[in-house]
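Take a moment with the sequence and the model before reading on.

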Amino acid sequence: MGNASACCWPGHIANRNQPGDEEGGEGTNKVELAASMLFSIPGIASAYHTSVLVNGEEFFFSDSGIFSNRALTSHQGEPSELVYMGLSTRTGSQVLNALQTHFRPGTYDLIRKNCNSFSDCALHFLLQRRLPAKYSAMESIGQRASLDMLQRVTKGAYHPNEAAKDFSAEDVISVVNQLGAEASSSSSECPKSRPALFLGAQVTIMGLKSAPQLNGQGARIVRYNAVNGRWEAQVNFLGEVKAFRAENLRPAGEIVLETGARCRIHGLQSEGGQVLNGREAEVLRYLHGASRYEVLIDGASKALRAENLQAI
């Protein structure tokens, strides 16, 4: 099967509808499907990495959850196909709000839950349509193959993720369908800022357990790997390119805070923010899509810039 480790199999295949405008309502948000062919097996099928764009903003699923950007980063800026899918009444922020609990960090699986699984669910949420069959032709091969065969074909690169064992796109779609008007009327918006990870971004490595000698070292993002859902960065002092989870990368020059760390808020200028200055908070996670830390204070979460936090 050649270089099958370069495949990005979807987690589900079903009867697909053809692209078009969303049924019911007058959508104004342009939805596109970006696809990059990873490899082809002559006479059998081609493997693709896909992502969904809403008004030019890309959304894709990785080993570190759902990411968004406007540079088509997951396709190295140049997808092999960019397909118009229709107009939606729903926005990109609503896609993120509706699907992020179903596509959490650490749940990526090359065979059972990957980029195409997310694109399938996102297209249904936006347009009541499914990922076209062309992009999921490899799925049946991966689903039917034995673990031994998959490991031989991928040269040992594939390891089943127990966190994705029970994933079902149909289950996700069923839950999202129940959101109904609530999803469309949601006003929750993520803070807008330049994403922390993009091609050429300078980053600091942190939190590695298996290679602690790399923690604190600088690196440069060279590509997003659609196979394993990780970011490849060239480590400055080594000159070597290594794959990292997003959780182990921070923008160069920013304070590095681990999940669970205590910090103190300072420097907020808004009227509502000033009352938080001097207060202690707990770090929940780093929001790479917004370049902010999500912290917990008095039972509520806030997204704050690194310059407004001090380590305790």
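What follows is a short walk through a pocket, some aromatic rings, a helix and several loops.

This is a predicted model, in which local features need pLDDT of at least 70, side-chain atom pairs count only at pLDDT 80 or more, and totals for chains, interfaces and linings use all residues. Residues are numbered from 1 along each chain as its sequence is written, and side-chain values use heavy atoms, with hydrogens and water left out.

Start with the second largest pocket. A pocket is found on a 1 Å grid over the protein atoms alone, as an open set of points where a 1.4 Å probe fits, with protein on both sides within 12 Å along at least five of seven lines. The second largest pocket holds about 340 Å³ of space. That volume is the space filled by probe spheres set on the grid points, which are joined across faces, edges and corners. Lining residues have an atom within 4 Å of a point. The second largest pocket has 15 of them. Nearest its centre lie Tyr-108, Ala-157, His-159, Asn-228 and Arg-230. The lining divides into five nonpolar, six polar and four charged residues. Here Ala, Val, Leu, Ile, Met, Phe, Trp, Tyr, Cys and Pro count as nonpolar, Asp, Glu, Lys and Arg as charged, and the others, Gly among them, as polar.

A pair of aromatic rings is described by the distance of the centres and the angle of the planes. Rings of Phe, Tyr and Trp (its six-membered ring) pair if their centres lie within 6.5 Å; planes under 30 degrees apart are stacked, over 60 edge-to-face, and the rest tilted. The count comes to eleven aromatic pairs. Why is the pair of Phe-61 and Tyr-108 called tilted? The ring centres of Phe-61 and Tyr-108 are 5.6 Å apart and their planes meet at 40 degrees, so the pair is tilted. This pair links distant parts of the chain, 47 residues apart. Phe-61 is in strand 3 (residues 57–62), while Tyr-108 is in the loop between helix 1 (92–99) and helix 2 (115–127). Helices (H or I, at least four residues) and strands (E, at least two) are DSSP runs, numbered from the N terminus.

Buried means under 20% relative accessible area, exposed over 50%, and partly exposed in between (1.4 Å probe, protein chains only). Phe-61 and Tyr-108 also belong to one aromatic cluster with Phe-103, Phe-118 and Phe-167.

Charges meet rings too. A charge sits over a ring if NZ of Lys or CZ of Arg is within 6 Å of the ring centre and within 35 degrees of the ring normal. The charged end of Lys-113 sits over the ring of Phe-103, 5.3 Å from its centre. Arg-90 lies over the face of Phe-125, at 4.2 Å from the ring centre.

Now turn to helix 1. Seven of its eight residues are buried. Among them are Gly-92, Ser-93 and Gln-94. Gln-94 has a relative accessibility of 7%. A polar atom of the Gln-94 side chain lies 3.0 Å from the backbone nitrogen of Thr-91.

Next comes strand 4 (65–69). Ser-68 belongs to strand 4. Ser-68 is buried at 15% relative accessibility. Its side chain makes a polar contact (a pair of N or O atoms within 3.5 Å, one able to donate a hydrogen and the other to accept it; residues adjacent in sequence count only if both atoms are side-chain atoms). The partner is the side chain of Glu-57, at 3.3 Å. Past strand 4, the loop to strand 5 (81–88) holds Leu-72. Leu-72 is buried at 15%. Glu-78 is in the loop between strand 4 and strand 5, and is exposed at 69%.

Finish with the backbone. Most residues other than glycine have a negative phi. What is phi of Gln-128? It is near 60 degrees, a positive value. Gln-128 is in the loop between helix 2 and helix 3 (139–144), and is partly exposed at 39%. Ser-291 has a positive phi too, near 55 degrees. Ser-291 lies between strand 12 (280–287) and strand 13 (292–297), and is buried at 11%.
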